[in-house]
2 protein chains.
Amino acid sequence: MFDLSEFFREISELVTAELDRLIPVNGPGPDNLRDAMRWSLFGGGKHFRPALVFAAGRTFGAADEQLLRTAAAVEMLHTYSLIHDDLPSMDDDDLRRGRATCHIKFGESTAILAGDALQALAFQSIVDDKNLESEVRIELAAGMAKAAAKMVRGQQLDLESEGKELDLLSVENIHANKTGALIAFSANAGALIAGARDSERVAIDEYATGLGLLFQITDDLLDVTQPTEALGKTAGKDKQVGKGTYPSVLGIDQTREKIKEVHDQTIGVLEGLPLDTSSLRAISDFLVTRGH
Amino acid sequence: MFDLSEFFREISELVTAELDRLIPVNGPGPDNLRDAMRWSLFGGGKHFRPALVFAAGRTFGAADEQLLRTAAAVEMLHTYSLIHDDLPSMDDDDLRRGRATCHIKFGESTAILAGDALQALAFQSIVDDKNLESEVRIELAAGMAKAAAKMVRGQQLDLESEGKELDLLSVENIHANKTGALIAFSANAGALIAGARDSERVAIDEYATGLGLLFQITDDLLDVTQPTEALGKTAGKDKQVGKGTYPSVLGIDQTREKIKEVHDQTIGVLEGLPLDTSSLRAISDFLVTRGH
């Protein structure tokens with residue numbers, strides 16, 4: 001039986017140490033800018049995306065040192081997107097992971113710039129990675145750029161949809177861009193670094209796309225079923241601002257059905273691979289569990 | 001005699017066409033986001049940084065098709081930085097190149113996201129460039145990431161310095177990061193793409209660093225000597241918000257002396273190169289002329 005909590009703990013430790021090397025406490029200033037980046041980077045995130053890089057990478061035989069920089073990069077990119085999404089002109093959130101959001105703590109302009117710098121440093125982390133061939137770094141950076149652009153498109157769609165009646169297809173399109181693209185990239189990156197075969201890369205992409213969807217549906221469900229203290233961010237926020245979510249479109253029971261269906265799909269893909277995919281399976285199982 | 005206006009016109013045409021291919025009018029939406037990017041990209045900029053990529057690249061023998069994507073990338077990165085710098089929480093500017101700034105025209109959240117997307121697409125433009133070897137693309141992307149991070153640091157320093165009494169060293173440090181890093185990268189990128197020798201790359205870096213400084217000093221001077229209509233942006237803005245500038249620290253006469261000194265340095269570097277450097281010389285001359 002794969003020990004997922006131990007795995008998450010291990011990856012968090014590896015990635016936190018790498019991020020601390022890349023953006024050190026005594027690194028280049030100005031102090032406020034560096035502190036703002038570190039405030040959000042070391043704010044108690046689960047490191048879900050880095051864990052996916054490692055789970056997929058190890059599954060196909062990559063060495064940890066080949067995965068570390070890319071894992072740090074996806075966490076930086078994710079963190080930048082959270083900082084910007086929380087801004088007053090966007091989702092206007094004061095609370096993130098149980099702490100003040102970056103702009104509440106450091107002011108709006110510093111928060112915008114901290115996000116901007118994290119995006120640049122995410123690309124730098126990959127292109128400077130001496131443990132990977134140039135061709136691999138190029139393909140990773142190109143994939144991350146595409147995911148980053150999709151993430152922004154999804155956030156724009158999400159903001160524009162506030163207060164509008166959405167159908168399921170529109171909700172899925174928003175989330176495939178906003179959340180799904182970077183989650184899919186994280187798993188795909190692991191397989192790419194490991195030099196997985198084309199057929200394996202098709203499979204992992206299908207798994208990762210399903211996983212991104214599963215992530216979002218369960219996230220939507222948590223927003224309506226959990227209190228603020230458990231979430232570490234403001235609960236009921238989606239409904240309050242009139243966001244289209246799976247529960248708002250499908251209702252809670254059908255959302256649970258949908259979760260089961262997407263979970264089955266991801267497991268089905270993994271069962272087609274002649275490898276030990278227990279870590280990837282455990283990650284999909286974990287998302288279902290957290291939705292309850 | 002090198003015809004600089006014709007050169008600027010030619011490069012503007014090339015780069016505008018390439019940007020229009022990379023972010024097409026009917027490209028991926030949402031419409032507002034794409035329109036916001038295009039509003040700022042096609043807002044009548046001089047394409048100074050792309051021109052530097054071409055001037056340095058051609059000087060050392062690169063083909064135009066090897067330079068085009070990188071030229072487009074530096075323009076995207078520069079445009080993103082202008083959009084974010086103009087935001088209400090930053091410099092709060094309504095006017096840019098004689099037109100409404102991005103957030104005035106499209107709203108604040110769309111402007112932030114348009115800048116975010118442009119940064120991602122700038123990296124994509126370079127790493128996807130099929131006209132360059134992987135190693136060259138890696139080195140370009142790494143250089144651009146470093147310049148992008150410095151640009152953000154410079155903007156943070158600039159904002160933090162408002163209303164403070166600055167010495168010359170602090171003013172120079174702000175501008176070396178905020179403006180100088182991307183200008184230097186643009187010229188260096190041209191030389192790198194052309195496969196210039198190490199000694200030549202040292203020379204071009206020295207030239208470009210001087211040019212970045214010259215750009216900023218003359219920009220500061222224009223802010224106090226030119227009216228809003230001539231600038232296309234709000235004149236006297238630096239003084240109004242209490243920014244440290246060359247004229248505010250040195251006075252106008254000594255600022256003019258400094259311009260002459262830095263210009264002489266850049267020309268001296270070029271004279272040491274056994275090549276036709278007339279385009280690079282003309283660019284340095286142009287900056288001096290615009291300061292008058």
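**Core.** I looked up the largest nonpolar core of this predicted model. It has 177 residues, and Ala141(A), Met144(A), Ala141(B) and Met144(B) touch the most other members. A nonpolar core here is a set of buried Ala, Val, Leu, Ile, Met, Phe, Trp, Tyr and Cys residues joined through C-beta atoms within 7 Å. Buried stands for 20 or more other C-beta atoms within 10 Å of the residue's own, exposed for 12 or fewer, partly exposed for in between, with C-beta atoms placed from the backbone.

I then listed the partners of Ala141(A), leaving out residues up to four places away in sequence: Phe123(A), Ile126(A), Val127(A), Phe123(B), Val127(B) and Ala141(B). Contact is a C-beta distance within 7 Å, again with backbone-placed atoms.

**Conventions.** I noted that residues are numbered from 1 along each chain as its sequence is written, and that chains are lettered from A and ligands numbered from 1 in the order in which they are written. The model is predicted, local features need pLDDT of at least 70, side-chain atom pairs count only at pLDDT 80 or more, and totals for chains, interfaces and linings use all residues.

**Symmetry.** The RMSD is 0.0 Å, for a turn of 180° and a shift of 0.0 Å along the axis. That is the relation of a two-fold axis. Within chain B, Ser134(B) comes closest to the rotation axis, its C-alpha lying at 2.9 Å.

**Interface.** I found 39 residues of chain B in contact with 39 residues of chain A. On the chain B side, H2 (31–41), H6 (108–127) and H7 (134–161) each supply at least two residues, and H7(B) gives the most, with 17 residues. Helices are DSSP runs of H or I with at least four residues, strands are runs of E with at least two, and both are numbered from the N terminus. The copies meet through the same surface, because 100% of the interface residues of chain B are also interface residues in chain A.

**Chain A.** I recorded 14 helices and two strands. Buried residues make up 53% of the 292 residues in chain A.

**Asn131(B).** Where does Asn131(B) lie? I placed Asn131(B) in the loop between H6 and H7 of chain B. Asn131(B) has 16 other C-beta atoms within 10 Å, so it is partly exposed. Asn131(B) touches Glu65(B) and Gln66(B), not counting residues up to four places away in sequence.

Terms used: Copies are superposed by least squares on the C-alpha atoms of residues with pLDDT of at least 70 in both. Two residues are in contact if their C-beta atoms, placed from the backbone, lie within 7 Å.
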